[in-house]
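The structure comes first, and the notes follow by topic.

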Amino acid sequence: MVPWFACSAAIMFVAGLYISFFVAPTDVQQSEAYRIMFIHVPVSILSMFIYLVMAGYAALGLIFNTRLSSMMASALAPTGALLAFLSLWTGALWGKPMWGAWWVWDARLTSELILLFLYLGFIALHASIDDPRRADRASALLAILGSVNVPIIYFSVQWWNTLHQGASVKLTGTSMHVAMQQGMYTMMLAVWLYAITISLIRVRSIILERESKAQWVSELMEIKR
Amino acid sequence: MNKLSLIGLLSIMIRRDLVLAMRRRADVVTTLIFFVIVVSLFPLGVGPEADMLRNMAPGVIWVAALLASMLSLGRLFSADHLDGTLEQMLLVPQSLSVLVLAKILAHWMVSGLPLVIMAPVLGLQFDMTAQSIGVLIIALLLGTPTLSMIGAVGAALTLGLRGGGALVSLLVLPLCIPVLIFGAGAVEAVISGTSVSSHLSLLGALLVMALAFTPWVTALALRISME
Amino acid sequence: MNWGEFFAMNGYAWYVWGSFGMALLIFIVEMVMVRHRRTVILQQLRLTSNAEDL
């Protein structure tokens, strides 16, 4: 299944990049800098969505004691953390020319940063527990706790921000050109497929690490040789 | 063996933990001194202008309280874990959540309450008005138990791990942000003359939510860590 | 539109290529890491299975 997702991800990336750089017209207000949107928006949405999927898998693993879903959760975490970082990075590079600042204490930016911290906490907790079953269950609890907290954090930061009368951050031009929409959806699909591919590959390694004593592992083609 | 009521169990546990804490008074005092030192370092770092300090005070005191409560989290379960008491607690017929709640309350009394009592003195250091000091105390009273409860989950998850202290902070600090925002916000509202009650009621709501869920989650985390 | 103009991005070259470049870098680094992890575990398994055969 991995080659299929990998190939379609690659095709979508090429198509998405083509649309975002050659087909989509230059924006009136933001000139060429708006093209950062084509990577920033998919990456941000995916980083949040992956956290939910990860927490869902972790909850399944915790409640029904299914090992595969816990492994899936721990395979998703590094990808999610990297996407969250990428979202902050591209956001900063977009914010500098548009708002004149690398960073503003806006609700969305702050929650994205906290999301990154939650990912890092999950990974750190999982890595510091030696027994894989205990690691799965402890970090599952943390992931669920985090997913409950994310909306609370979002609203509290938003509220705090309006109280401070911070920089009002709004995207100009909600009505997007058709080619822009197409480009964004294609890129979104590409990042989506990429995340699926990379976490499937990672979960295969995790399965091999965990099940190294099982009979079927020693009968694998790659190992026999 | 006669059955204990939940309230009886709660009070016995709290009394036991308080007695244990009083036997090792140095731990309590260390947390308090840490709090005072961190707060006192800020004026030295940013300069002594009274206006700026007055505006900064709520944030500084809250962040210092947050860090101080992180400092003492490691001791919440580790001593009982080392001498085997915790394993016995898991076997108690009554709900483990109640025991956990008792431990959290006792922990707050020895590490959170002294901070609340100390805060007005530090507020004077920052030239805060009497009214804002009053609000600061109420906000700390509502907020620090929530910090202890969220911290207890982290402490239970990292029980017996190497590098536990830093790990607890990494796990718990992001989750404490709402408390920090509303706690410092309440005092800032007094300074800027807007309504305080909304901040305080949100802090109260967070406290009630934490009170309802965290003992149960902590108990679950303890079972995971101890199996 | 010629290539020089395209890469200049109307003065925003640094920002646009900075974001896309970092994205590319992260994706490549992640792929290398994942592949490395897989080769390591496969090698380990191969070594243990060889040791058991002896």
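**A core residue and its partners**

Leaving aside neighbours within four places in sequence, B:Ile61 is in contact with B:Val39, B:Ala119, B:Leu122 and B:Leu136; two residues are in contact if their C-beta atoms, placed from the backbone, lie within 7 Å. The model is predicted: local features need pLDDT of at least 70, side-chain atom pairs count only at pLDDT 80 or more, and totals for chains, interfaces and linings use all residues. Residues are numbered from 1 along each chain as its sequence is written, while chains are lettered from A and ligands numbered from 1 in the order in which they are written.

**Nonpolar core**

- The largest nonpolar core has 136 residues, where such a core is a set of buried Ala, Val, Leu, Ile, Met, Phe, Trp, Tyr and Cys residues joined through C-beta atoms within 7 Å.
- H3(A) gives the most to this core, with 14 residues.
- The residues with the most contacts inside the core are A:Met54, A:Leu141, B:Ile61 and B:Ala221.

**Chain A**

- Chain A has 8 helices and 0 strands; helices (H or I, at least four residues) and strands (E, at least two) are DSSP runs, numbered from the N terminus.
- Of the 225 residues in chain A, 43% are buried, meaning that 20 or more other C-beta atoms, placed from the backbone, lie within 10 Å of the residue's own.
- Among contacts in chain A between residues at least 6 apart in sequence, 80% join residues at least 24 apart.
- Helix H2 of chain A (residues 37-64) has 28 residues and reaches 40 Å from its first C-alpha to its last, close to the expected 40 Å; the expected span is 1.5 Å times one less than the number of residues.
- After H2(A) comes A:Asn65, with a positive phi near 60°.

**Contact between chains A and C**

- Here 29 residues of chain A are in contact with 22 residues of chain C.
- On the chain A side, two or more residues each come from H2, H3 (67-99), H6 (178-210), H7 (215-218) and H8 (221-224) of chain A.
- H3(A) supplies the largest share of that side, 9 residues.
- By class, that side divides into 15 nonpolar, 7 polar and 7 charged residues; Ala, Val, Leu, Ile, Met, Phe, Trp, Tyr, Cys and Pro count as nonpolar, Asp, Glu, Lys and Arg as charged, and the others, Gly among them, as polar.

**Contact between chains A and B**

- This contact takes 22 residues from chain A and 20 residues from chain B.
- On the chain B side, H7 (130-157), H8 (164-172), H9 (177-192) and H10 (197-226) of chain B each supply at least two residues.
- The side of chain B that touches chain A has 16 nonpolar, 3 polar and 1 charged residues.

Notes: A residue is buried if 20 or more other C-beta atoms lie within 10 Å of its own, exposed if 12 or fewer, and partly exposed in between; C-beta atoms are placed from the backbone.
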